[in-house]
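Please look over the structure shown here. The notes that follow are numbered and go element by element.

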Amino acid sequence: MDILLIGHGRMGQLIEQTALSAGDRIAGAVDINNLCDLSTLPAADVAMDFSSPAVLPAAADYVRRTGTPYLSGTTGLAEADQQILTDLGQFAPVLYSANYSVGIAVFARVLRQISDVLKPDFDIEMTETHHNQKVDAPSGTAKLLLQAIDPAGELTPVYGREGLCGKRGEREIGIHALRGGTVAGEHTVSFFGVDEILEIRHRATSRQIFVNGALHMARKLSKMPKGRYDLQELLFGGGVL
């Protein structure tokens, strides 16, 4: 598989090493310093983008021009950016996920199945922990899990608490970000009921799990017809959004 890397930081470099070890070819590597190369590079089997939201316009132009399948794991995208990804589905198969771990995919699926049962009687809190170099908070994965818990947006997110902020509201969901050391990623969702607590936790011990999952999904995506795809649907059945 010929892979175009958009973003060549720690994640991009690890994708490159893993892909080459598996016999894939790197058709090109683009970052903020040579972004203009996207205007002339030919089509690849798949473009894998782990860069920054500022790169999306140039990446989108490349996809429109070449029809290259586009997998993005860039976090911090705004609602307008998500619409750009959806529109790109007219030109190529497109997949976005804030987290390509299979474990997180299962985590989100479980939350979708149980949250409506627990929400009426349980308080829900989420904690996410990452390394001290992470620039966004809460994490994209935390937002992904929040969407799984509350797809209709009926709960009010509360990002940390301080001072005399009053007792906890019935329709709140607390989201707390911890930053320190070299933690690859840890997410815990806690359901607090009367005299019982249910917690679900996922801990990543290295970025390699995200790389393996992203490459697995890139192979699937490269064989799909045009359209915007959801990671859950590609993993567990279904298809285009």
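1. Thr 129 has Glu 186 as its bridge partner in strand 9. Helices (H or I, at least four residues) and strands (E, at least two) are DSSP runs, numbered from the N terminus. Strand 6 (residues 123-130) and strand 9 (residues 185-193) pair in the antiparallel sense over 7 bridges; two strands pair if DSSP finds at least two bridges between them. Thr 127 stands opposite Thr 188 in strand 9.

2. The model is predicted: local features need pLDDT of at least 70, side-chain atom pairs count only at pLDDT 80 or more, and totals for chains, interfaces and linings use all residues. Residues are numbered from 1 along each chain as its sequence is written, and side-chain values use heavy atoms, with hydrogens and water left out.

3. Strand 6 is also joined to strand 8 by 7 bridges, and these two run parallel. Here Glu 128 stands opposite Ala 177. Strand 6 is mostly covered, with 6 of its 8 residues buried. Buried means under 20% relative accessible area, exposed over 50%, and partly exposed in between (1.4 Å probe, protein chains only).

4. What is the order of the open sheet of 5 strands? The order is 7-8-6-9-10, and the pairing is mixed. Strand 7 and strand 10 stand at the edges with a single partner strand each, so one side of each is left without a neighbour in the sheet. Direction ignored, neighbouring strands of this sheet are turned by 15 degrees against each other on average. Helix 4 packs on the sheet, where it touches strand 9 and strand 10, and its direction makes about 165 degrees with that of strand 10. Contact means heavy atoms within 4.5 Å. Axes are lines fitted to C-alpha atoms, for helices over the stretch in contact, and angles run from 0 to 180 degrees between N-to-C directions.

5. Some loops deserve a look. Gly 166 sits in the loop between strand 7 (156-158) and strand 8 (172-179), and this glycine is exposed, with a relative accessible area of 54%. Its C-alpha atom is separated by 23 Å from that of Glu 196, 30 residues apart along the chain. Asp 195 lies in the loop between strand 9 and strand 10 (196-204). The phi of Asp 195 is near 65 degrees, a positive value in a residue other than glycine, and Asp 195 is exposed, with a relative accessible area of 80%. In the loop between strand 6 and helix 5 (140-149) lies Pro 138; the peptide bond from Ala 137 to Pro 138 is cis, with omega near -5 degrees.

6. A further open sheet is formed by 6 strands in the order 2-1-3-4-5-11, with parallel pairing. Its edges are strand 2 (25-30) and strand 11 (227-230), each with a single partner strand, so one side of each is left without a neighbour in the sheet. From one strand to the next the twist averages 20 degrees. Strand 5 (residues 93-96) and strand 11 run parallel and are joined by 4 bridges; Val 94 has Arg 228 as its bridge partner in strand 11.

7. Which strands does helix 1 (residues 10-21) touch? Helix 1 packs on the sheet against strand 1 (2-6), strand 2 and strand 3 (46-49), and its direction makes about 170 degrees with that of strand 1. Helix 6 (residues 208-221) packs on the sheet too, touching strand 1, strand 3, strand 4 (70-72), strand 5 and strand 11. The direction of helix 6 makes about 155 degrees with that of strand 4.

8. Helix 2 (residues 56-66) and helix 3 (residues 79-88) pack at about 5 degrees, with their axes 11 Å apart. That makes helix 2 roughly parallel to helix 3 (angles under 35 degrees count as roughly parallel, over 145 as roughly antiparallel, 65 to 115 as roughly perpendicular and the rest as oblique). Leu 56, Ala 60, Val 63 and Arg 64 in helix 2 meet Asp 81, Ile 84, Leu 85 and Leu 88 in helix 3. The residues of this contact divide into 6 nonpolar, no polar and 2 charged. Ala, Val, Leu, Ile, Met, Phe, Trp, Tyr, Cys and Pro count as nonpolar, Asp, Glu, Lys and Arg as charged, and the others, Gly among them, as polar.
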